[in-house]
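Please keep the structure open while reading.

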Amino acid sequence: MNATTETQEHADDQATKTITVIGFGRRLAAILLDAILLGVLSMFVAFLIGMVGVFVDMYTPNRPLPLNSLIVICTLVFSVAYYVVAWSRTGQTVGKTMLGIKVVGADGKPPSGGKALLRYFGYLVSSIAFALGFIWVLFDQKRQGWHDKIAGTYEIGRASCRGGGVGGGGGGG
């Protein structure tokens with residue numbers, strides 16, 4: 001079952017295109033792949049910070065380092081950078097690339113850096129509310145989660161972008 005939405009390519013030529021958006025299953029799988037990747041990288045960063053902490057602690061044993069806070073901050077900064085840069089450059093994270101999904105705005109292009117950052121904060125909102133913002137994709141006619149609605153984005157099949165247009169194939173899952 002494919003959900004489609006009509007968009008305007010340019011305000012001056014009034015041409016409309018059809019975007020076939022991706023369903024819940026493939027989106028969930030891509031999120032899980034990205035979460036695994038970020039988890040592994042976060043553990044690596046935590047290990048490195050811990051090792052630095054051990055060496056620094058050898059020379060300043062009376063002043064404990066706030067390593068836990070540093071690990072959390074580094075992980076958060078890396079996560080924001082990972083998603084925002086990937087979405088704004090290509091519209092694809094590693095997980096989305098593996099599953100042939102692309103994040104686009106209504107114009108069929110990857111979102112700007114500002115919209116990608118807004119989408120990331122929408123991810124947080126979607127997550128905090130018992131993941132209802134992600135589950136919303138199942139019930140929304142345009143298959144947009146709360147984060148998509150907040151940023152004005154869609155998740156489409158990569159094949160939908162070939163040939164300069166955003167119409168055609170891609171749906172499912």
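Predicted model: local features only at pLDDT ≥ 70, side-chain atom pairs only at ≥ 80, totals over all residues.

Although glycine 91 and lysine 102 are eleven residues apart along the chain, their C-alpha atoms are separated by 5.1 Å.

Glutamine 92 sits in the loop that runs between helix 2 (67-89) and helix 3 (94-98), and with a relative accessible area of 13% glutamine 92 is likewise buried. A polar atom of the glutamine 92 side chain lies 3.0 Å from the backbone oxygen of isoleucine 101. Leaving aside residues up to four places away in sequence, glutamine 92 touches Ala86, Trp87, Thr97, Ile101, Lys102 and Arg158.

## Overall organisation

The protein chain contains six helices and four strands, and read from the N terminus these elements follow the order β-β-α-α-α-β-α-α-α-β. Of the 173 residues in the chain, 36% are buried. Among contacts between residues at least 6 apart in sequence, 64% join residues at least 24 apart.

The accessible surface of the chain comes to about 9700 Å², and carbon and sulfur atoms account for 70% of this area.

Alanine 30 belongs to helix 1 and is buried, its relative accessible area being 0%. When residues up to four places away in sequence are not counted, the residues that alanine 30 touches are Gly95, Lys96, Leu99 and Ile101. The C-alpha atoms of alanine 30 and valine 94 are separated by 8.1 Å, while the two residues are 64 positions apart along the chain.

Methionine 51 is also placed in helix 1, which spans residues 24-59, but methionine 51 counts as partly exposed, at 34% relative accessibility. Together with Phe44, Phe47, Leu48, Val54, Phe55, Met58 and Tyr59, Met51 makes a nonpolar surface patch of about 880 Å².

## Salt bridges

A search of the whole structure finds six salt bridges. In one of them, the side chains of lysine 96 and glutamate 155 meet with an N to O distance of 3.1 Å; since lysine 96 lies in helix 3 and glutamate 155 in strand 4 (residues 153-157), this pair ties together parts that are 59 residues apart in sequence. Both ends are covered, for lysine 96 is buried at 0% relative accessibility and glutamate 155 is buried with a relative accessible area of 1%.

Another salt bridge joins the side chains of aspartate 148 and arginine 119, at 2.7 Å from N to O. This pair links distant parts of the chain, with aspartate 148 in helix 6 and arginine 119 in helix 4 (residues 113-128), 29 residues apart, and both aspartate 148 and arginine 119 are buried. A network of salt bridges links Arg27, Lys96, Arg119, Asp148 and Glu155. Aspartate 140 and lysine 149 also meet through their side chains in a salt bridge, with an N to O distance of 2.9 Å; here aspartate 140 is buried, with a relative accessible area of 14%, whereas lysine 149 is partly exposed, with a relative accessible area of 38%.

## Aromatic pairs

The count of aromatic pairs comes to eight. Tyrosine 120 and phenylalanine 121 form one that is edge-to-face, with 6.0 Å centre to centre and 80° between the planes; tyrosine 120 counts as buried at 5% relative accessibility, while phenylalanine 121 counts as partly exposed at 43%. Tryptophan 136 and tryptophan 146 form a tilted pair, with 6.4 Å centre to centre and 50° between the planes. That pair links distant parts of the chain, ten residues apart, since tryptophan 136 lies in the loop between helix 5 (132-135) and helix 6 (146-151) and tryptophan 146 lies in helix 6. Tryptophan 136 is partly exposed, with a relative accessible area of 37%, and tryptophan 146 is partly exposed, with a relative accessible area of 25%.

Ring pairs also link Tyr82, Tyr83, Trp87, Tyr120, Phe121, Tyr123 and Phe134 into a cluster.

Notes
Residues numbered from 1 in each chain as written. Heavy atoms only, no water. Patch = residues over 30% accessible without salt bridge, like charges linked within 9 Å, V, L, I, M, F, W, Y side chains within 5 Å. Areas by Shrake-Rupley, 256 points an atom, 1.4 Å probe, with all protein chains shown as cover. Salt bridge = Lys/Arg side-chain N within 4 Å of Asp/Glu carboxyl O. Helix = DSSP H or I, 4+ residues; strand = E, 2+ residues; numbered from the N terminus. Buried < 20%, exposed > 50% of the residue type's maximum accessible area, 1.4 Å probe, protein only. Polar contact = N/O pair within 3.5 Å; in protein donor to acceptor, adjacent residues only side chain to side chain. Contact = heavy atoms within 4.5 Å. Phe/Tyr/Trp six-rings, centres within 6.5 Å; stacked < 30°, edge-to-face > 60°.
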